[in-house]
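The sequence and the model are shown first, and the description follows.

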Amino acid sequence: MSFRYSWFLIAFALAPAVAPAQWLGRPIPGTPRTADGKPNLAAPAPRLADGKPDLSGTWESESEGGNRAGVSAAGPPNKYFSNVLADFKTPESIMQPATLAQYNKSVKAEFADSPLAHCQPAGMPLADAMTNPYKLVQTPGLIMMMYERDTTFRQIYTDGRSLPADPQPTWLGYSVGRWDGDTLVVETNGVTDRAWLDARGHTHTEGLHITERFHRVNFGKMEVAITIDDPKAYTKPFSYTLVQNLFPDSDVLEFFCSDDEKDVNHYRGK
Amino acid sequence: MKNKLIAGTAALAGLTLLMQPARLDAHHAFAAEFDEKKPVKFEDAVVTKVALINPHSWIYVDVKNADGKTENWAIEAGSPNVLLRRGITKDTIKVGDRIVVDGYQSKDGSRRANGRDMRLPNGTQLFLGTSGDAAPNEVQRPGIDTKN
């Protein structure tokens, strides 16, 4: 653990619980609790009648430095939000020439050309890594991801259908899911090439194929292992794992990025 | 003891400034708009408007410049939802409040700053959760960014 992160942990330990406004701090039935009534985040992952894990809940990818239960963006965004190639010592070695050229252009612009910076959507797989929570609702045949960012949604079909062979591109793509033991495996294609993989200029083509493996470790924690396969943009598939934390007794709120954007006319590159 | 604690906290806060992680938030990169070499601090700022609006909240303040003339500055803070989950509601900061606030000025020289800390008239310290992003705004310091 770096010294910097130890600060976060101290801050979290001291942070008071907050529960303002009508949506937050309302006890959710079915939440396991400790003797003092607080949500027991270490309790086992819940299961549905069919024996499969229930992934439902309000989740957010963990910030660098750790979690603060129910506080969005508790620290700097996780490293994969910023950079899906964070684990590579020489990331340029797996970027195809056009991908690298676009990346270098974005570096010069201080990433002001990021879709997010212009209130465009967070596409897949960036939607998983945002510092805005999402609410997962699991039903037979369909899993719904309700993203706070732009108050939008993604549907994951678990009714046995296949991915489309020639999809119409969209920001979040088309997703189908199946169970592999206790892990939900979701495959996505049809993501528009206007979307970025992260906030730092790593682009992709419309040949992108994403695999997400959702594993609820316990009541309060989920791991999402993501594999990116896009040979026209990257010379080989690569993977990274997001840690997501449950916001107990909480909910997603309304968030429309385009409400009153005041930054875009002030962006300056290097 | 208390002085030692304060000195230690200040030194460590300074150290965290030197150890800045990537400056990105869920909207724009810090460096796309603001300049870490232009820190600003207003010791006696009067709140003229509070806009809890996406993607960033903005707090407008009147301050006296070096010539004694009043200038209006716009201070950028985290999104309303980021602030709400930190306990900052529509009732927390009010027009007319005299506050202390610091941050980093816009690269284009306009009277805009990426806010970091704010102290309310009753002494409450608020961490502006600016942009939900990284340092120099987002590194929290015990006793400064938290109430305890």
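## A term needed first

A residue counts as buried if 20 or more other C-beta atoms lie within 10 Å of its own, with C-beta atoms placed from the backbone. The structure described here is a predicted model, and the term is applied below to one strand of chain A, β1(A), in which Gly57(A), Thr58(A), Trp59(A), Glu60(A) and Ser61(A) are all buried.

## Confidence of the prediction

For the complex, the predictor gives an ipTM of 0.79 and a pTM of 0.81. Chain A has a mean pLDDT of 89, and 92% of its residues reach 70 or more. For chain B the mean pLDDT is 74, with 69% of the residues at 70 or more.

In chain B, pLDDT stays under 50 over residues 1–24, which have 35 contacts beyond four places in sequence in the model. Residues 131–148 of chain B also stay under 50, and here the model has 70 contacts of that kind.

## Chain A as a whole

The secondary structure of chain A consists of four helices and nine strands. Their order along the sequence is α-β-α-α-α-β-β-β-β-β-β-β-β.

Does the radius of gyration of chain A agree or disagree with that of a compact globule? A compact globule of 270 residues would have a radius of gyration near 18 Å, so the 19 Å of chain A agrees with that expectation. Taken along the principal axes, the box filled by the C-alpha atoms of chain A is roughly 60 × 45 × 40 Å. Of the 270 residues in this chain, 42% are buried. Among contacts in chain A with a separation of 6 or more, 59% are between residues 24 or more positions apart.

## Strand β1 of chain A

Strand β1(A) covers residues 57–61 and is mostly covered, since five of its five residues are buried. In a regular strand the side chains alternate between the two faces of the sheet. In β1(A), Gly57(A), Trp59(A) and Ser61(A) point one way, whereas Thr58(A) and Glu60(A) point the other way. Residues on both sides of β1(A) are buried.

Which strands pair with β1(A)? One is β2(A), residues 134–139, which runs antiparallel to β1(A) and is joined to it by three bridges. Within this pairing, Gly57(A) has Leu136(A) as its bridge partner. Another is β9(A), residues 238–246, which pairs with β1(A) in the antiparallel sense, also over three bridges. On that side, Glu60(A) stands opposite Asn245(A).

## Helix α3 of chain A

Helix α3(A) spans residues 97–108 and has 12 residues. From its first C-alpha to its last it reaches 17 Å, close to the 16 Å expected at 1.5 Å a residue. Glu110(A) follows α3(A) and has a positive phi, near 55 degrees.

## Chain B as a whole

Chain B contains three helices and six strands. Along the sequence they are arranged as α-α-β-β-β-α-β-β-β.

Of the 148 residues in chain B, 45% count as buried. Among contacts in this chain between residues at least 6 apart in sequence, 59% join residues at least 24 apart.

How values were computed
Residues numbered from 1 in each chain as written. Chains lettered and ligands numbered in written order. Predicted model: local features only at pLDDT ≥ 70, side-chain atom pairs only at ≥ 80, totals over all residues. Helix = DSSP H or I, 4+ residues; strand = E, 2+ residues; numbered from the N terminus. Buried ≥ 20, exposed ≤ 12 C-beta atoms within 10 Å, placed from the backbone. Contact = placed C-beta atoms within 7 Å. pLDDT = per-residue confidence, 0-100. Expected span 1.5 Å × (residues − 1). Rg over C-alpha atoms; globule rule 2.2 N^0.38 Å. Pairing = 2+ DSSP bridges.
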